[in-house]
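Here is a note for a colleague opening this structure for the first time. Please read it with the model on screen.

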Amino acid sequence: MKTPPFKFHRPKSIEEAVSIASELKNSGDSFDWISGGTDLLPNYKWHINTKKHVISLANIDEMKTHESYHIGAMVSLHELEHGPTHPLIRKAAGTIASTLIRRSGTVGGNLCLDTRCFWFNQTEDWRRSIDWCHKCDCDTNADCRVIPNQNTLCVATYQGDLAPCMMVLGAKIHLAGPEGQRSLKLDEFYALDGMKRNVLELGEFVTHITLPIESDELEGDYQKLRLRESWDFPEAGVAASWKRNDRGIEQLYVATTACESIPRLHMEETSVALNEWNGKESAKKLAENIRKTVKPVNNTYFPPAYRRKMLRVLTKRALAGSWSD
Amino acid sequence: MSKGYRQAPGKGEKKRTDGKRIAGKQHFGVPGSGGSNPFSNLQDIDRIPASQGGQLKQPRGPHVHDPHITGQTIGKPTPLVDSRWKVTGQAEYGDDIRLPNELFGKILRSPHHYARIISIDTSAAESLPGVKAVATGMDSVNRFGVLPVTKDEHAMAQEKVRHVGDLVACVAADSEEAAIEALSLIKVEYEVLEAIHDMEDGLLDSKDPIHDRGKYHIGDSNVQKRVFQQFGHTDAMRKAKFQSKSDWSFAGLHHGFTEPHAVVAHWDPNGRLQLYTPQQVPHYVHRALSSVLDIPMHQINVIRTFVGGGFGGKSDPFPHEMCAAILSRKSGRPVRINFDREEVYWINRGRHPSRIQMEVFADEEGRIAGIETDALIDGGGFASFGHVTTYYNGVLHTSPYEIGGFHYTGARVWTNKPASGAMRGHGAVNSRCAVEVAIDEVCEEMGVDPMTFRLANLLPPHSRTITGFRITSTGMRECLDEVRKQSGWDDKFRKLPFGRGIGVGCGFFISGSGLPIHWDPENFPHAAVHLQCDMDGGVTVHTGAADIGQGSDTAVAQAVSEVLALPLDMIRIRSKESDTAPVDLGSYSSRVTFMNCNAAIRAAIEMREKVLKAAWEITGYHPDSLVLGDRRIYYKRDPAIGISWLEAVHKAQADTGSLISSGAYRTPPMGGVHKGAAAGLAPAYSFSAYVAEVEVDPETGFVRIIKAWAAHDCGKALNPLAVEGQIIGSCHMGMGQVLSEEMRYGRTGHLLNPDLLDYKIMSVHEMPEVVPIIVESNDPEGPFGAKEAGEGPLLPILPAVVNAIYDAIGVRINELPVSPDRLHSRIEKKCRKMKIDDPMDLPNPIFEPKPLQEKLSKRADEHTERDLQRDLLKDRSAYVNGVLFGFDPDLPLSEQSEGWRESVTPTPEDLADDSKRAARAWNHVERRHRGENA
């Protein structure tokens, strides 16, 4: 196992990073961003979609800002866990992978996590034995191995924990790139297809996340499914947040992760539930609706049918705090 | 003979006023020799057996090695002698070996499950700059394999590749990059053949069987080995009142050791091969290299490096070891091959994926009327240890219980997967889990406590199992008693709230296999140890026993240190090189402590005699009246009279020129005469009983083990620290198998998880508290009474957890691992069956004792007394399996009952039940019996 050689760039500011990216883009050279490296480097070791250039964001101090409503992309997951942000985010951060990975992995990296699949996250020899796959076809135009005979969509699974939690708190994501800076709501950041993953254009990267001040009024919970309490990626995850009033709750958000190629905020289902909210029973119904909406495929550790059923249980458990004290 | 002389006594702690000396309580003014303390230490009377005048109590009577207990190390928690090397990072594992000028070796592997190689073109690879050698199957055509009867491996593929990852070619180059590039330049043309992935398909005739066994080939199938055994009253057994029938499926497992395989081969200037490899059985590698390379064994030196975990996964001679040697011979330079993790999974040799049909029968007396087992095991692409595994799946669950009948059909098939082999608890784990859970089910049906049922059906000490294994010591009853007491069983069984449960399981394992794998020439000892003592007084031990982290170096050092009364730092172990080590058959089948320590004790006794003879000449006192204390030899009746160890050693050297000794061990003659009687035969057996308490989440199917009480009978804990470590480690491994570990093959037959992220070994979060309980049954033939403690402790945890899951939520599962999704689907099924919506509403199982409970309880008490009498040898009558059923142990059982059978060749009636899978292997006729010319 040997990482293929690449040229390593270490910009000190966002501007410098953008200019390096623009140059490489214009010269047609391929490149990747790297922050903590806990996702990218294992893939490189396995020769998965490696690039000739890698630009590190680790030396850009302005991306390490860490305040209650402003989280720089280069804040480590460990810092996030012990930082000043919303307790829901801190809770979720503390469950990601393992202590060692959290020390190195970052917020930006977790949000931009590459999608995963049994047929993709394998060594080169292994992938050769299945004649490659759509997501890493090594110029063979290979078919998808999860759902064969369709050559358009990659169904690899997004297995990040932070995205759903930030979504239910109304987070905004801020990007920088050769075309300037832009901001959008986090749930608009993700774009279907396991290869495309999100709206980032070539040369664009995440600089920071902001949370609305009103997120303070939201309570929430995050529930995840995984076999071991350490290391494992989530096999299903449900984040929920709600705002209490004297009659019960007046706002409700639920987002799911680790079941599809992107994390998803379920606005339709929650607004229906909120209209007729009566606590436990509504939560149960909502959980069932979420199970129906989300459609995992067979490419992670647990079988998809089980993961769907567990979404129901996780949703119920994530909402449990909304009717009891 | 010179006259003895007196040494001034040192400061005694207490002075007696009656003029007599306190035995062993004197400090000696004269320096001892060696050790961190130059002065002799007081003898620890608490560690000298009562039979020798000390205070060590032996509830089961004296042991033959008692006279050699000096109180030095045996029974003391002792850190492993090589532990400092490891914790300071200075231990050299396979990957740490660096030889000057060495090359990087890389292996080209098959991308196909099953294919015929049409051609290989290596010319482009050979001409790549930096490439020094390229080798293919053409470079060595000789077969090898760990078992002499099933040599079916080659250094590289000869004609066919048999699984994804099978070796095709290899290259050696100046740099790793060049080697990797060279692999991509080797052009191989394949003709893809139809692969077999499901083990049941292996039972059928095939156009292209994965191997050809010549005249021994079974039909045209992929059956590699089939076993039939029928003992006892199988007809009566099937008519028994209580029956449990289950069909188990066990996923394949990998050992998950930390260190990936790594090997360095070097042909030294004298033309001898030096091979550095982390191996459990260096001797078999030695033999295999000799035949693969076509050179005599004396031209090979196998050097075992530190081994970063083996668990059975490093006990085959491996093709990559051959490749390194071949590349080194071709290039004239040292060649190193290091594995990546997925290569480790491709070479595999882990636990067999198995499908086991298990039936347990019990009669109205609460006796086990019989066990009927059918085990189909998936061997993957090669034989490895499979021949033995096929037997072990049957014979290793014929004890610790007395049974009325035993019917076993077993078969191992080849499939196009990485080869299965030996893994901790070899062959015994899966069927043990099935039988223990079946016993739980039968107890449920009978309305008796499974703890009582087990206690009322145990074989006593000094008895024989139904297939003729000789049981010497057994601490089974004490193990059960201890876990029952410590876990609070009586207050918890079927009484815990819903979602919480407790379960029990037992285990039985060999302590060294009775027949060595290589029994040619027949009279080889199993183990030999040489001792050498020079001017400095320290003793160098030469042994071939492979320390794979289990602590065999420590055990053998302890044995020598104990007999010679020397501190451990005066014992130096040399166990790494075949050049200097006497042949030892290696670290498998839990044989090392039993066999190697026995050999070491013999060698040490011989040295002791020589030293005492020298002391006799100096002191004038006969050896019989001399005692070895810490680095001192003194007169039994007046400890002040004596000489130091060093003085005696110098005298012995002056007299004889050198002070050396050696000892060997071979097993006593034992066992039956039927075909396969040797499989599972051991000079002693270990026993264990575990209780596990679990918490089950009925909504998600997650199981959390809260605590485990683990009692293991290891005969005598030579090093309690190591025994406890083995028990806890075994629990971790067994819990992994029962809850999460599996080699998972996808719909295309590819191994989906050849990495440590998706091969789910339990993390520290999942690991519960394990209470290790050491039970000492003082085996009459074990070294100082010891038996194995490395593999047996793994067995009981699996059934204990499965039984606890039932106790928690009333759901039976017979598929391992019990991953949450599997258990969840069982829970759903049960809910549907009971028409319950919410799994939280499932009924909590309850226990209502029936009259039989009291009867069994009484019988258990009687048997306790019976076992005690036999233990103390007050009752020396013969006892064989069957006495509980009213047989006379002194007459052949078949003469006492018409229905009693002992057969290893099936009749058509024996195979009538066509639902049995492995039994179908007997539908084929061996080629030699079909009148064809193979």
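**Notes on the two chains**

1. Chain B has 934 residues, and 60% of them count as buried. A residue is buried if 20 or more other C-beta atoms lie within 10 Å of its own, exposed if 12 or fewer, and partly exposed in between, with C-beta atoms placed from the backbone. This is a predicted model: local features need pLDDT of at least 70, side-chain atom pairs count only at pLDDT 80 or more, and totals for chains, interfaces and linings use all residues. Residues are numbered from 1 along each chain as its sequence is written, while chains are lettered from A and ligands numbered from 1 in the order in which they are written.

2. The overall build of chain B comes next. Chain B holds 20 helices and 30 strands. These are DSSP runs, numbered from the N terminus: helices are H or I with at least four residues, strands are E with at least two. The C-alpha atoms of chain B fill a box of roughly 85 × 85 × 55 Å along the principal axes.

3. Two residues are in contact if their C-beta atoms, placed from the backbone, lie within 7 Å.

4. Chain A has 12 helices and 11 strands. Its radius of gyration is 20 Å, close to the 20 Å that the globule rule gives for 325 residues, so chain A is as compact as a globular protein of that length. The C-alpha box of chain A is roughly 60 × 45 × 35 Å along the principal axes. In chain A, 51% of the 325 residues count as buried. Residues 24 or more positions apart make up 64% of the chain A contacts with a separation of 6 or more.

5. How do the domains of chain B divide? They are domain 1 (1-92 + 525-665), domain 2 (94-446 + 904-934) and domain 3 (447-515 + 680-900). The bounds come from an automatic or database domain assignment. The C-alpha centres of domains 1 and 2 of chain B lie 42 Å apart. Between them, 17 residues of domain 1 are in contact with 23 residues of domain 2. The domain 1 side of that contact has 6 nonpolar, 6 polar and 5 charged residues. Here Ala, Val, Leu, Ile, Met, Phe, Trp, Tyr, Cys and Pro count as nonpolar, Asp, Glu, Lys and Arg as charged, and the others, Gly among them, as polar.

6. Now the contact between chains. 25 residues of chain B are in contact with 20 residues of chain A. On the chain B side, α3 (176-185) and α18 (820-834) are the elements that give two or more residues. α3(B) gives the most, with 3 residues. By class, this side has 7 nonpolar, 8 polar and 10 charged residues.

7. The largest nonpolar core has 277 residues. Such a core is a set of buried Ala, Val, Leu, Ile, Met, Phe, Trp, Tyr and Cys residues joined through C-beta atoms within 7 Å. Those with the most contacts inside this core are B:Cys323, B:Val560, B:Val801 and B:Ile805. Helix α14 (residues 592-619) of chain B supplies the largest share of the core, 15 residues. A second, separate core of 83 residues includes A:Tyr44, A:Leu169, A:Ala240 and A:Leu311.

8. Check strand β25 (residues 659-665) of chain B. Strand β19 (residues 527-533) of chain B runs antiparallel to β25(B), joined by 7 bridges. Strands pair if DSSP finds at least two bridges between them. B:Cys533 stands opposite B:Leu659.

9. Last, is B:Leu751 buried or exposed? B:Leu751 is buried, with 25 other C-beta atoms within 10 Å. This residue lies in the loop between α16 (720-739) and β28 (769-775) of chain B.

Conventions: The radius of gyration is taken over C-alpha atoms; the globule rule is 2.2 Å times the number of residues to the power 0.38.
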